[in-house]
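Biologist: I'm new to this one. Could you show me how to read its surface and its side-chain contacts?

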Amino acid sequence: MAYLHEDRNQFLEAINLTVFKTGMEPEVIEKDYYMKGNVKRHSRHIYDILN
């Protein structure tokens with residue numbers, strides 16, 4: 001599986017597009033990207049433990 005952040009140029013383009021469309025700060029957008037990834041990984045891990 002490929003992750004957007006693995007291609008730094010493409011990642012920055014996506015962040016800049018989101019900044020343009022939302023007016024949010026780029027740091028907030030980047031942090032949100034990584035936090036969502038962490039939540040997804042942890043929720044998958046918890047699901048595996050419980051099942």
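Biologist: Which residues make a nonpolar surface patch?

Modeller: Keep in mind that this is a predicted model, where local features need pLDDT of at least 70, side-chain atom pairs count only at pLDDT 80 or more, and totals for chains, interfaces and linings use all residues. Residues are numbered from 1 along each chain as its sequence is written, and side-chain values use heavy atoms, without hydrogens and water. A patch takes residues with over 30% relative accessible area and no salt bridge, joining nonpolar side chains (Val, Leu, Ile, Met, Phe, Trp, Tyr) within 5 Å and like charges within 9 Å; areas are Shrake-Rupley values with a 1.4 Å probe, and only the protein chains shown count as cover. Here I46, I49 and L50 form one of about 340 Å².

Biologist: Where does I46 lie?

Modeller: In helix α2, residues 26–50 (helices are DSSP runs of H or I, at least four residues, numbered from the N terminus). I46 is partly exposed at 46% relative accessibility (buried is under 20%, exposed over 50%, partly exposed in between).

Biologist: How many salt bridges does the whole structure have?

Modeller: Look for a side-chain nitrogen of Lys or Arg within 4 Å of a carboxyl oxygen of Asp or Glu. The search finds two. In one, E30 meets R8 at 3.4 Å, N to O. E30 sits in helix α2 and R8 in helix α1 (residues 8–22), so this pair ties together parts 22 residues apart in sequence. E30 is partly exposed at 24%, and R8 is partly exposed at 41%.

Biologist: Which residue does K36 meet in a salt bridge?

Modeller: D32, with 3.4 Å from N to O. K36 and D32 are four residues apart in helix α2, so about one helical turn separates them. K36 is exposed at 54%, while D32 is partly exposed at 36%.

Conventions: Helix = DSSP H or I, 4+ residues; strand = E, 2+ residues; numbered from the N terminus. Buried < 20%, exposed > 50% of the residue type's maximum accessible area, 1.4 Å probe, protein only.
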